[in-house]
Amino acid sequence: MSGGDLLARIFLTRVLEPGDETGGRWLREYGASEVVRRLREGGAPPLPGVSGTRWTGLLARAARADPERDLATARNAGTRFVTPGDVEWPAQLDDLGDARPLGLWVRGRPSLRMWALQAVAVVGARACTEYGAHMAAGLAAGLAERGWVVVSGGAYGVDGAAHRGALGAGGATVAVLACGVDRPYPRGHAGLIDRIAEQGLVVGELPPGEHPTASRFVLRNRVIAALTRGTVVVEAAHRSGSLVTARAAQRLGRFTMGVPGPATSSLSAGVHDLLRGESTLVTDAAEVVELVGAIGQLAPAGRGPVLPRDLLEPANRQVLAALPGNRPASPEEVARGAQTSEDEAVARLYELRALGYVERHGDGWKLTRQALISVRDGRTRR
């Protein structure tokens, strides 16, 4: 993407709210640079589809937008802005149509596109019970051990339990925030979100410093649904925001799953309603993978296609070469062999897992059968 279009999209993150379909239609019909030009000039008539009052409000926001400053602030905080068409952009987000994000601010080293190839959302009640926290953590840990990336919203309750479960299993997790990624929310999860940024990815649509609102939480959920292959709801009352994620997943043709709870629990009432519809009952990670892993190239245990080794990024090739051919190796051993940090090695291993080169065995990682041929050929040519 050109520098001008990148800055135009960053400019628009200050003007348009996430999921604004009218703004998305403007981008599709006129292009980002032209929309920005119209907003900066501020003349009449307004772009189609908005009232004069709303146009005035958009112009007021546009007058305060400074994309160069936002980009500099983000880069100083170790954050990048990924836009449609970039190599790192997850193509499944395009399923949102005109409600597709303008771009995503991303903290963390791994490739968002690669991690989204095998991702499952685990969401649920903020004020969850001990049962809900236990089930969320167990599901997330089990998914991580099977090579799946756990995506959630970084909130209290089920979200936090899911993130911690994945991290505790040495796995991959992504937090999708309803605010600027440099401004962790809730504040009580600042340490957790920073840890996710170090070991995984923190993602959001809002520019640096932006605060969350009720509507932004709701709209954030469509990104979680679109980014993943399926959504698991663990405890949700009838009006829970996690049900918004599940409904968005259903509209997008993704799998929706629910963990049942006591019939007398109001925190499970929303999940039970889902299960009476088109959602699938699940009780552990194996049942989740059985459902979402049925998609051909995304099936577990290396059933997907293996890309030519020479097409891998140099850092991925280095990690791949550090794996022994006859046994699993711990992330620490792989990191030593690849001359990198353990967190970096884990991130690269999950990318290689999505491509079918490696699989997880307990606490270690092992080459798949197809990958052995590629690696051996590569070593022979040295």
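Set aside its neighbours within four places in sequence, and Tyr30 is in contact with Val35, Arg38, Leu47 and Pro48. Keep in mind that this is a predicted model. Where does Tyr30 lie? Tyr30 belongs to helix α2, which covers residues 21-30. Is Tyr30 buried, exposed or partly exposed? Its relative accessibility is 32%, so Tyr30 counts as partly exposed. Now look along the chain to Pro90, which is 60 residues apart from Tyr30. The C-alpha atoms of Tyr30 and Pro90 are separated by 23 Å.

Two of those partners, Val35 and Arg38, are in helix α3. Two packed helices are described by the angle between their axes and the distance between the axes. Helix α3 spans residues 32-41. The axes of α2 and α3 come within 7 Å. They cross at roughly 115°. Which residues meet here? From α2, we have Trp26, Leu27 and Tyr30. From α3, we have Ala32, Glu34, Val35 and Arg38. By class, this contact of α2 with α3 has five nonpolar residues, two charged ones and no polar ones.

Next, the sheet. How many strands does this open sheet have? There are nine, and the pairing is mixed. Read across, the order is β1-β2-β6-β5-β4-β3-β7-β8-β9. The edge strands are β1, residues 79-82, and β9, residues 280-281. Each of these edge strands pairs on one side only.

Strand β2 covers residues 104-107, and β1 pairs with β2 over four bridges. The sense of that pairing is antiparallel. Pick out Phe81. Its bridge partner in β2 is Trp105.

What is buried in α12? Ala269, Gly270, Val271 and Leu274 are. The buried residues of α12 pack against β7, β8 and helix α11, which is residues 242-251.

On to the aromatics. A search of the whole structure finds five aromatic pairs. Phe81 and Trp105 form an aromatic pair, with 4.5 Å from centre to centre. The planes are 45° apart, and the pair is tilted. This pair links distant parts of the chain, with Phe81 in β1 and Trp105 in β2, 24 residues apart. Both Phe81 and Trp105 are buried. There is also an aromatic cluster, formed by Trp115, Tyr350 and Trp365.

Now another helix pair. Take α14, residues 314-322, and α16, residues 342-354. Their axes come within 9 Å and cross at roughly 95°. Therefore α14 and α16 are roughly perpendicular to each other. In α14, the contact residues are Ala315, Asn316, Val319 and Leu320. They meet Ala345, Arg348, Leu349, Glu351 and Leu352 in α16. The residues of this contact divide into six nonpolar, one polar and two charged.

Last stop, the backbone in the loops. The peptide bond from Tyr185 to Pro186 is cis, with omega near 0°. Pro186 sits in the loop between β5 and α9, and α9 is residues 190-199.

Then there are two positive phi values. Glu235 is not a glycine, yet its phi is positive, about 60°. Find Glu235 in the loop between β7 and α11. Its relative accessibility is 1%, so Glu235 counts as buried. Gln339 is the other residue to look at. Its phi is near 55°, positive in a residue other than glycine. Gln339 lies in the loop between α15, residues 331-338, and α16. Is Gln339 buried or exposed? At 71% relative accessibility, Gln339 counts as exposed.

That's the tour. Over to you for questions.

Key. Residues numbered from 1 in each chain as written. Predicted model: local features only at pLDDT ≥ 70, side-chain atom pairs only at ≥ 80, totals over all residues. Heavy atoms only, no water. Axes fitted to C-alpha atoms, helices over the stretch in contact; angles between N-to-C directions. Parallel < 35°, antiparallel > 145°, perpendicular 65-115°, else oblique. Contact = heavy atoms within 4.5 Å. Nonpolar A, V, L, I, M, F, W, Y, C, P; charged D, E, K, R; others polar. Buried < 20%, exposed > 50% of the residue type's maximum accessible area, 1.4 Å probe, protein only. Pairing = 2+ DSSP bridges. Phe/Tyr/Trp six-rings, centres within 6.5 Å; stacked < 30°, edge-to-face > 60°.
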